Amino acid sequence: MASIRRTLSPNHERHYQNGNQTSVQSPSQKLILNGKSSSILYSRKNYISRRKLFYRCLIFFVLGFILGMAPFGDFDDARSRDFSFEIKPSVVNVKEEMKDEVIPRPDNVVVNSVKLPGSLVDEVKGKFDYVPRKLLIVVTPTYNRALQAYYLNRLSEVLKTVKSPLLWIVVEMNAASAETADILRKTGVMYRHLVCSKNMTDIKDRGVHQRNVALDHIEHHRLDGIAYFADDDNIYSLELFESIRSINRFGTWPVAMLAQSKSKAILEGPVCNGSQVIGWHTNEKSKQLRRFHVDMSGFAFNSTILWDPKKWHRPTSDPIRQLDNVKEGFQETTFIEQIVEDESQMEGIPPGCSRVLNWHLHLETHGLVYPRGWLLQKNLDAVFSTT
């Protein structure tokens, strides 16, 4: 007998006698359902583990922050560490520094200033050298001759010992020689090397035009200091340069000059009563009528007179320059008359004008030839035997 078997569809429901209704799933559906459930379980576990990790990190961060902010010592202990950038000043024994001079201090008083004893002030100034000094502007005209290198080096040795600030203005004629520039570079003195471009056939006194070039430079750059004309063949004492810093407007002093015969010295310059000029030393050179009997290296003046006439109440604003069209020996007095009116505007240096601070020797070398490049190409004309 033939039988018919009906194949049940997986999607059809099947009724059992007990009334329960179930669904039959295929193997492929079971796999899909199992895969979904496992992925859901995995994602839930991963979420829970990340959440726990986050809370743990948060707890550790809070604990670390609290421990880091909690002070374990005083601030003084922390500042005394090696990594501290604070520098504590050394303890000063005030009583010992002031030599047991104790100043009583009343109560409830605000101290505006503290005055130290005079001896202590002088000691501090000597150690730290806080005293401001005026600029010295030394003007030196020079030219090629046999002893030029010797004169410049000798003068530079004196200027090196003068306290700063000092500016040495050296002026040459027509062109700046390499030999002079080499000497100036090696001196260690702050300098400016200038050139006077003038036709030598049209001038009487070379030094007048060279000094005027320096005066133009001072006026153009408004240099504020004490200007002094120092020829390279003169001899100067260190005391002279230290004394002229105290000049207010115009200072002068006596200059000793060796006579042409080299047998006696001639004194030219002011006669002073303290720092007041009351007269002048005269000699054979001063027989001509001059208002001020002063040598070119025997005076110095405030450089602001050149470029600030209102400050000094000058009646005119014409430039102050040396004159080449005057007779020989009158360059000094005609120049000084442009700076001061009379002796009341002068200061004698040093007080009493009792010491000679520089010499004008007039050492001339007519028989010697200026060596090119400071080198002698030939042997000396005269050779002396050593035996």
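Helices (H or I, at least four residues) and strands (E, at least two) are DSSP runs, numbered from the N terminus.

I note that this is a predicted model, in which local features need pLDDT of at least 70 and side-chain atom pairs count only at pLDDT 80 or more, while totals for chains, interfaces and linings use all residues. Residues are numbered from 1 along each chain as its sequence is written, and side-chain values use heavy atoms, with hydrogens and water left out.

I then looked up the sheet, which is open, has 7 strands in the order β5-β4-β3-β6-β12-β8-β13, and shows mixed pairing. Because β5 (191-196) and β13 (347-348) stand at the edges with a single partner strand each, one side of each is left without a neighbour in the sheet. Strands β3 (residues 136-141) and β4 (residues 166-173) run parallel and are joined by 6 bridges, where pairing requires that DSSP find at least two bridges between two strands. Val138 has Trp168 in β4 as its bridge partner.

Next I went through the salt bridges, each a side-chain nitrogen of Lys or Arg within 4 Å of a carboxyl oxygen of Asp or Glu, and by this rule the count comes to 11. In one of them, Arg145 and Asp232 have their closest N and O atoms 2.7 Å apart. Arg145 lies in the loop between β3 and α5 (148-161) and Asp232 in the loop between β6 (226-229) and β7 (235-236), so the pair ties together parts that are 87 residues apart in sequence. Both Arg145 and Asp232 are buried (buried is under 20% relative accessible area, exposed over 50%, partly exposed in between, with a 1.4 Å probe and protein chains only).

Back in helix α6, I found the side chains of Asp182 and Lys186 meeting in a salt bridge at 3.2 Å, N to O; the two are 4 residues apart, about one helical turn. Asp182 is partly exposed at 28% relative accessible area, whereas Lys186 is exposed at 65%. Asp182, Arg185 and Lys186 are linked in a network of salt bridges.

In helix α5, Lys160 and Glu157 lie 3 residues apart and also form a salt bridge, at 3.2 Å from N to O.
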